[in-house]
Amino acid sequence: FPFPYAPYRIQEQFMEALYGALEAGRVGIFESPTGTGKSLSLICGALSWLRDWEEKRRQEEARLLALGAGGQNGLTPQLARPGSADTAGQPDWVTAFVQKKEERDMVDRLKEEQIRRKKREDRLEKIRHNVQLKYAAKRKRCEEDEAKRLLQLSKEALSQGAGEGVLDQLDHNEEQLILAEYESDDEKKVVSGLEEDDDDLEEEHVTKIYYCSRTHSQLSQFVREVQKSPFGKDTRLVSLGSRQNLCVNEEVRRLGALQLINDRCMEMQKNKHEKKSDEGKKRRVSHTMCPFYSYEQMQFLRDEVLVEVKDIEQLVSLGRETKACPYYGSRFAIPAAQLVVLPYQMLLHEPTRNAAGIKLKEQVVIIDEAHNLIDTITCIHSAEVSGSQLCCAHSQLSQYMERYRKRLKAKNLMYIKQILYLLEQFVAMLGGNVNQNPGCQAVSQTGTVLKSINDFLFQSQIDNINLFKVQRYCEKSLISRKLFGFVERYGGPASAVKTSKENQKLSGLQNFLLTLQQGCDKEGDPPVEAEHDQFRTASPLMQIEGFLSALTNANQDGRVILNRQGTVGQSSLKFLLLNPAVHFAKVVEECRAVIIAGGTMQPVADFREQLLCCAGVDPARIVEFSCGHVIPPENILPIILCSGPCNQQLEFTYQTRDLPQMMDETGRILCNLCNVIPGGVVCFFPSYEYEKQVYGHWEKTGLLSRLAAKKKIFQEPKKANQVEQVLVEYAKCIKRCSQTGGQMTGALLLSVVGGKMSEGINFSDDLGRCVIMVGMPYPNIRSPELQEKMTWLDKTMPRAAGQAPSRVLIENLCMKAVNQSIGRAIRHQKDFASILLLDHRYARPAIFNKLPQWIRERTQVKPAFGSAFAELRKVRTCSILCP
């Protein structure tokens, strides 16, 4: 395998296993600890396979074209015998004719693909070696901008003095708020095609690798790795992202909310196509069109993307420079791309996937950082709406219908009435009335109730409404966007409404919005400004559309949770997806191969059983690969500690962890460790509440001051925007202590499992010389959502090794969280750290075997604290002698 440097042996094994899985069309679960060069192994292994695969395809195409050229002038003798019939009753000459036609069609198709490929390669080569083309394109853009500016100045000069015309135009701007006629429920989806020549957007079949990761920063890091790899110059790579990340139109970006940005962008495109179709007609309404949605400039941007590997930041800069939309320009590059890099939410949500033009048939998908894959699919396809959102949407939609009743067609009115009825019934299910302020309506029966989808539909008396049709109407009519525009125009108290008659009509909406903002003058109500900002972020109907879509899932795959709390406004309806496999099934069915990769994938049983087997994947198609770490065995010391310095057994169950002696023993362990471990110590607690409770207890007993004498103590903040500041101070303190020496030896960071510090943060080198896990972070089994998931698993999944599936789920959730947290310490080949698991239950075989292999094989179980402390002192001595 080509590699930028001599690979580790485990990297070679990883690439060999990956190559084999792609070649055989498998579904692979790949685990490679952070610090072992996983990204480079994925790049070099997958792109090596792609290079070889393309070469085989080229050879096969050449062979077929040669055969086609040789045997196209007549039928082969054995197929041309007339008068006989085959087993299906067709004469041989008919069968031969059909076969020959298929052969000719295939040869013609291959020839067309060759022409398109050659055209694309020639164009990219010309761009690659001819800088003058870029300057010519830039000069042309400047000329166009100047022409537009002069045209605008001319229009402004003409419009001066035409005051009446301006007022007329303002009146007609309101036309944009009116729904277009909705013709048919079965209307085919209209694709807003490009008015210019399609060029080679629908070009030859290019086998692609779709690489997905969790965040845009991880994707950018991956692209930079591709740039550094031996494949960086020859790979056609395109980075995809949301409009929120790629839009370069400042007017649209200012809208903030993703849904508003999406809708505004779609509206601007629609305006462009409407202008084209209405050419020649006298138009009185001025619609805004996006200046960056220029087909010619987007073609240029597409070619620039294909010529050289670019990450999202470089793509956005190029879009601004070329005045071309990066969002659509990058999509135009998909057909010719070999490697498509995208967030995995975009790939896992089928409507988003289809909208982006992603076709998975016979392609390869690699999902990196996939340890949260099941949770991600569940979250993407779950939805929640509050009582205040339901009431607000009902009021807005009622006012909209009253104002434009005479202008709306019958079908629009019918669907609006259906949506209003749905909203009324949803609020009734929460124990409220849509016509009253949700913040002032107390709920008589509080608590959480779970219902099946069918039970919810029957009890809310909406089972007679076709939700699929309502959902389709919302998508096509863009009703939520129209409603948002209506509220923007008339909803605020400062809106300029022209006549007293209109004022009278709209006063109901304004009053309702004001009461929503002001609440009921009770204590704890949010400030008016904050509430108004929250309201302006997006139309509540947008959120409700997601809930309606979730209700179209199969009855057995999800549950509806009615959460009644205090007032109707605080209550909510939530759809919980129980079976994520139904939404992953299409991915594994269509793709040639799927690779699920991560630094810590243990325990893998969840992926294999809940996701893959439930999605219909043949167990023989699933392959698992786990490699060790590149660090020497002596660089890591994992210890399971069963008791503390005072022989108190360590078992942090819900019943025992609050005992003073348990909190005291934990403090004594940390005091002893901080005396001998240099640099940074990171201690993970099961929850924020328990960490706060222990901290308070240590303050009272004086243990905290003993700890603070050796390590400066930092606590993980709950607010995400404070995390960076705490980490900077923590790192500064460790660096200062290592340089100055003295009694203070570093810092102690008290963190929380599942918090901001347990994922994505690197505690490399002195930042994490010891990672401590206090107890076992089991999830809250009293949670109604978790209880429902456990019940569903017990009904649908077989027992494994005598254990109920629900029990396995609880253990797996716990150990996934543990593995993510303890993997924060070792981040590169020369790093070293100790890992302490404070609970004797970690030594149980069922739990012990769920630790990552590279940690498990080096773990020592210590019944007493003395022997564990002796081992830690050895590590301390080694680190001083051989840093």
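Ser 572 counts as buried because its relative accessibility is 5%, where buried means under 20% relative accessible area with a 1.4 Å probe and protein chains only. This is a predicted model, in which local features need pLDDT of at least 70 and side-chain atom pairs count only at pLDDT 80 or more, while totals for chains, interfaces and linings use all residues. Residues are numbered from 1 along each chain as its sequence is written, and side-chain values use heavy atoms, with hydrogens and water left out.

Ser 572 lies in strand β9 (residues 567-577), strands being DSSP runs of E with at least two residues and helices runs of H or I with at least four, numbered from the N terminus. Its side chain makes a polar contact with that of Glu 384 at 3.0 Å (a pair of N or O atoms within 3.5 Å, one able to donate a hydrogen and the other to accept it). Beyond neighbours within four places in sequence, the contacts of Ser 572 (heavy atoms within 4.5 Å) include Val 385, Leu 430 and Ile 561.

## Helix α17

The buried residues of α17 include Asn 412, Tyr 415, Gln 425 and Phe 426. Just after this helix, Gly 431 takes a positive phi of about 90 degrees.

## Packing of α30 and α31

Helix α30 (residues 784-796) packs against helix α31 (residues 805-822) at an angle of about 130 degrees, with the axes 7 Å apart. In their contact, Leu 786, Lys 789, Met 790, Leu 793 and Asp 794 of α30 meet Pro 805, Ser 806, Leu 809, Ile 810 and Leu 813 of α31.

Definitions and conventions:
Axes are lines fitted to C-alpha atoms, for helices over the stretch in contact, and angles run from 0 to 180 degrees between N-to-C directions. Buried means under 20% relative accessible area, exposed over 50%, partly exposed in between (1.4 Å probe, protein chains only).
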